[in-house]
Number of protein chains: 2
Amino acid sequence: MKKASIPSGTRDFLPEQMRQRLYVINKIKGIFERFGYEPMETPSIEKWEVLQGKLGEEGEQLLFKILRRGTTVEDLRLGRTQSVTFEAFDDLVDLALRYDLTVPFSRVLAMYGQLPKPFKRYQIQPVWRADRPQKGRYREFYQCDVDIAGTESILADTEIVTIVYTALKELGFPAFRIRLNHRKLLNGLVSAAGGAAHFKDICIAIDKLDKIGEDGVRKELLDRGITEETANNLFSWMGLKDEPLALIERLRPIIGDHADGQAGLQDLQSLYNALIAQDLDLRCIPLDLSLVRGLDYYTGPIFEAVVDEPAIGSLSGGGRYDKLIGKFSGNDTPAVGATIGLERIIDVMQELGLLNALPPKTQVLVTVFSDDFLPHSLRFAQSLRAQGICAELHLKGASKINKQIKYANDRAIPIIAILGPEEVAQNNVQLRTGPTEQITLPQTEAPQQIRTLWQRLFPNT
Amino acid sequence: MKKASIPSGTRDFLPEQMRQRLYVINKIKGIFERFGYEPMETPSIEKWEVLQGKLGEEGEQLLFKILRRGTTVEDLRLGRTQSVTFEAFDDLVDLALRYDLTVPFSRVLAMYGQLPKPFKRYQIQPVWRADRPQKGRYREFYQCDVDIAGTESILADTEIVTIVYTALKELGFPAFRIRLNHRKLLNGLVSAAGGAAHFKDICIAIDKLDKIGEDGVRKELLDRGITEETANNLFSWMGLKDEPLALIERLRPIIGDHADGQAGLQDLQSLYNALIAQDLDLRCIPLDLSLVRGLDYYTGPIFEAVVDEPAIGSLSGGGRYDKLIGKFSGNDTPAVGATIGLERIIDVMQELGLLNALPPKTQVLVTVFSDDFLPHSLRFAQSLRAQGICAELHLKGASKINKQIKYANDRAIPIIAILGPEEVAQNNVQLRTGPTEQITLPQTEAPQQIRTLWQRLFPNT
């Protein structure tokens, strides 16, 4: 018999992994909700026509494409589908698994025009990309997106950045940076440097700074026909470091009367002032003029969150995209959002030891003394559950009590309930939390006692 | 521009629907966990070879099949894939979306031999079937599965039935029945009726009782070559109604010395005794000898949960399947489980009005008095969130306060926080829950006051 296996780049999450994943997901979810964002879900499958033309050629190649239902191998051999000759790919493939959560969000906004604005939603669901699998890169992986649509207010950008900051703080990352920049400011800087005609090329080159270094980028700029003077200007300005508000003032004369550039500076000033009002630590949120972000569709503030240890790339990224929704509806709707990459967050947290010692879910193992006493154990376990306590009944029939205790230890169930003849005769139960730690008390008092023991064992839950 | 749309049989879940869905999912999850079951997830895509031969021909036709990556329309036209001539369907399609959660669970048990036994897991994830969409039937829908593998104990069957019972009770269904039967008992009854040679045919016919009635089933039995005497016997026994333990005793002489049949009766007796020990209302859990369950793989107790109002078919079903995991591993592993169909549960709960009046998530709208006072509102909102309160900041800049109050009302945010010049001068805040209900208090006392107000508005959350 051939050994069963799963598709390359996908994973099964067994209970132990799920405990870590749910811990992180619930933290992130809780933060989204504290900022007034509400959950939304979309289908895993989208129409081919919805995805087409939104992801670039490379993105489209990474889609998992679904064959039209009813297509047989004979059809395909004869060059037809459902008895119709196929001409194009669309005749054979009508659906694909979603590639990200931004396109579905934009589609939803285009489809349901009556949604209240601003519309604030979060979405935590898997996406699929047929990328070459490698460490930290999967073909099915979760994204946690938080977006707000329908407002141009810079407070919306502030809020999204604050959410990412809060998430990284509360997940316990000891050191992180949210690099912040603005597409319009970039525009102004490139103009001032004399490279306005090559804006897109320049962005593509600078985006590789982390990978190929300054020399590599400089070479690529020159190769693309950008003058040495322009390159020199860009590098000297991109390297400017200062406190954000001071840096903004230093940039004003450089940008001069470039309207977009000054608008970008104005946005950034309001954004940083709002961050300061919220007492956020600005050392974690530097204004970084070398940040570009790969995607074409950003139109305003952009950001990317990184940790230096371990080196793993960005944990979160996002920005303002005021023109994307219009691609679906014909009407531009301003929007800003962030994606938090669940898998990388978990990988880093595991490496930093932030996911050790998560408490178990099951609080009590109710043992079975003998077949005669089974009804008592059944009833007692059920009474605990009615009080909201997670109680497992030992199912293997009446094994030796030591075996049952070992069963609980193997599963990290911290409290063991014993109902033997003496206990039952007096409507009592014995609760054990260790070889010498045990207490006998009336069954009716057990739920409260279990809560107290639990609180002592896991004070932070 | 063509209007964007989603694939037939799929749905977007906007925040209002999500609130209902999450309420139900969290209830079910909480119940699974109270019985000591742990979460597990598997990939949405499974290898074609894993699904093949497990679902029957009809099931396989309903799979969403994924084209091998890199296949182009030219390849297909030329009868090849990735430059290799294709011979069979497998050459073109290597993956499919999962059809249910039982096959993945069985695959996991076969793949990870070291899993502790009994292995108790729950799994709440979508499945996909390219069925003809209709009311209550979707192409992407959620299942909530709870299973236990690695034990033959009838206590495991008891536990699964108890979980379904508890779920339906706690979700608030005023009337439901969990029909219970046993495959081995059915076997014994069919033998006693003289139909042993036609067991499978008889099961297929009886399974249609709800749809085509007794006359229809009788006709089908006779058409399949079953004698009138056998049919008469079966109908008279299937119609037997009594309290379960009494009915079991009445069946003993009918079953006679049929070993399987008697083993089934023995199981049912233990099962009902355990249900009684847990004080479950047996009127909700009738022994129903006409229950067959469509799937082939059941080997022991089987059950199905129904409500009579509204008529919608079964909300949950399951049973023991001791031979399925062996299909993947070669080693039989006993297992029993249930599927709770999330979509039908939600449909019925909506019809019964059980999902009205769910509380909102966002507790407070923090208004902005004027641009000058924005920093105060920003800081105050952030301080509420730090205390775990869900607080939305009004983002549209300093609109008229009445507009901001209307914004909160439109979104059902029950508490409004106002920080005007008077409040700020004294480090106070005004909290409003209605046109005449307002209180001014120190900002530091606001979190506690909000919790108190919330408790009063939504006592059960």
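Reader: What makes the pair formed by the side chains of Glu304(A) and Arg293(A) a polar contact?

Author: In this predicted model, the side chains of Glu304(A) and Arg293(A) are 2.9 Å apart. A polar contact is a pair of N or O atoms within 3.5 Å; within protein, one must be able to donate a hydrogen and the other to accept it, and residues adjacent in sequence count only if both atoms are side-chain atoms. The value of 2.9 Å is within that limit, and therefore the term applies.

Reader: Why is Glu304(A) called buried, rather than exposed?

Author: Glu304(A) has a relative accessible area of 14%. Buried means under 20%, exposed over 50% and partly exposed in between (1.4 Å probe, protein chains only), so Glu304(A) counts as buried. This residue lies in strand S10 (residues 301-306) of chain A; strands (E, at least two residues) and helices (H or I, at least four) are DSSP runs, numbered from the N terminus. Beyond four places in sequence, Glu304(A) is in contact (heavy atoms within 4.5 Å) with residues including Arg177(A), Leu291(A) and Ser314(A).

Reader: How do you know that Glu159(B) forms a salt bridge with Arg385(A)?

Author: The closest N and O atoms of Glu159(B) and Arg385(A) are 3.9 Å apart. A salt bridge is a side-chain nitrogen of Lys or Arg within 4 Å of a carboxyl oxygen of Asp or Glu, so this pair qualifies. The count between chain A and chain B is 12 salt bridges, alongside 29 residue pairs in polar contact, both residues at pLDDT 80 or more.

Reader: What area do chain A and chain B bury between them?

Author: They bury about 9100 Å², 61% of it on carbon and sulfur atoms; buried area is the accessible area (1.4 Å probe) that two parts lose on being put together, summed over both. In chain A, Arg34(A), Glu41(A) and Leu395(A) lose the most area to chain B, together 8% of what that side buries. In the two chains, 105 residues of chain A are in contact with 105 residues of chain B.

Reader: Which residues touch the most other members of the largest nonpolar core?

Author: Of its 119 residues, these are Phe32(A), Phe173(A), Ile285(A) and Val366(B). A nonpolar core is a set of buried Ala, Val, Leu, Ile, Met, Phe, Trp, Tyr and Cys residues joined through side-chain atoms within 4.5 Å. Helix H7 (residues 154-171) of chain A gives the largest share, 11 residues.

Author: Side-chain values use heavy atoms, without hydrogens or water. Residues are numbered from 1 along each chain as its sequence is written.

Technical notes: Chains lettered and ligands numbered in written order. Predicted model: local features only at pLDDT ≥ 70, side-chain atom pairs only at ≥ 80, totals over all residues.
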